Amino acid sequence: MKWKSTVVAMLIVLAGWTALLYNGQNALKWQQQTVQTIAQDIKQETIHQLSTLQTEIQKEIFAYAPINIEEFGGWPELHTAIGTLKIPDAQIECKVIYGDNASDLNKGGCFYPDLKDRIPGGGRQMLMASHNNTFFHTLGQVQEGSRILMDLYYGQYEYEVVRTEVVKASDTTTYDLQKEEEELIIYTCYPFDQLSATPYRFFVYCKPVYARPLQK
């Protein structure tokens, strides 16, 4: 270990100074006291390091412990706001809506709600959409590695962009709702500056970085 090498080097230096400054029993006594002092410092530092490591391990265990959503009021109600969405690289900040009808899409980023657990932590593929001329107008600024942050009523979630893609609106191969693996897909109409109906969609695929699972 690195600290052992450091201790040995220190002892060699101390022994040299001892030979110069002292002799006989006095030198031996002084050297023993010095070694004991160093050993005590190392012991205290090791205990501190182990305590810090234990705290970090406990945090990691808690970070991925299942959430009982019933303790936070239960599963979300349709057409309600359940938190906030932030995409720093695209300067996006808006509400997160559970539901995706015409009214919902005017309020923020909307989750497709065919199943109650198609939300962060549910362990499924999720679809989130909003208009290209409102909340997601700058979605094209995201790139690989961009972070997607959601502060929801039952916890905080973070995702990372892995790729983006422009596809035809009729192309249903861009997602797989049968997939039982947590994945966030955000999309909007494309081109971004077109106000009328568009034939294309801009898709953003994200993997979970911090996503506590929900108990089912």
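Here are some numbered notes on this predicted model, from the overall fold down to single side chains.

1. Let's start with the overall layout. The chain holds 2 helices and 8 strands, and from the N terminus the order is α-α-β-β-β-β-β-β-β-β. Of its 216 residues, 36% are buried. Take the contacts between residues at least 6 apart in sequence: 62% of them join residues at least 24 apart. The accessible surface is about 13000 Å², and carbon and sulfur atoms account for 54% of that area.

2. I186 has V204 in β8 as its bridge partner. If you are checking side-chain directions here, recall that side chains in a regular strand alternate between the two faces of the sheet.

3. Please also have a look at the end of β7. The peptide bond between Y190 and P191 is cis, with omega about 5 degrees. P191 belongs to the loop between β7 (183-190) and β8 (200-210).

4. H79 has a phi of about 65 degrees and lies in the loop between α2 (24-63) and β1 (80-87). With a relative accessibility of 39%, H79 is partly exposed. Q91 has a phi of about 55 degrees and is found in the loop from β1 to β2 (92-98). Q91 counts as exposed because its relative accessibility is 58%, and the cut-off for that class is over 50%.

5. Now for the cysteines. A disulfide is a covalent bond between the sulfur atoms of two cysteines. How many disulfides does the model have? The count is 0, using a limit of 2.5 Å between the sulfur atoms. C110 is in no disulfide, because its nearest cysteine sulfur, in C94, is 8.3 Å away, and the pair would have to be within 2.5 Å. C110 is buried at 1% relative accessible area, whereas C189 is partly exposed at 23%.

6. The whole structure contains 7 aromatic pairs. One of them joins Y153 and Y154 edge-to-face, with 5.1 Å from centre to centre and 85 degrees between the planes. Y153 is partly exposed at 31% relative accessibility, while Y154 is buried, with 3% relative accessible area. Another pair, Y187 and F203, is stacked, because the planes are at 10 degrees and stacking requires under 30; the ring centres are 5.1 Å apart. This pair links distant parts of the chain, since Y187 is in strand β7 and F203 in strand β8, 16 residues apart. Y187 is partly exposed, with a relative accessible area of 24%, and F203 is buried at 5% relative accessibility.

7. The charged end of R163 sits over the ring of Y205, at 3.9 Å from the ring centre.

Notes:
Residues numbered from 1 in each chain as written. Predicted model: local features only at pLDDT ≥ 70, side-chain atom pairs only at ≥ 80, totals over all residues. Heavy atoms only, no water. Helix = DSSP H or I, 4+ residues; strand = E, 2+ residues; numbered from the N terminus. Buried < 20%, exposed > 50% of the residue type's maximum accessible area, 1.4 Å probe, protein only. Pairing = 2+ DSSP bridges. Contact = heavy atoms within 4.5 Å. Areas by Shrake-Rupley, 256 points an atom, 1.4 Å probe, with all protein chains shown as cover. Phe/Tyr/Trp six-rings, centres within 6.5 Å; stacked < 30°, edge-to-face > 60°. Lys NZ or Arg CZ within 6 Å of the ring centre and 35° of its normal.
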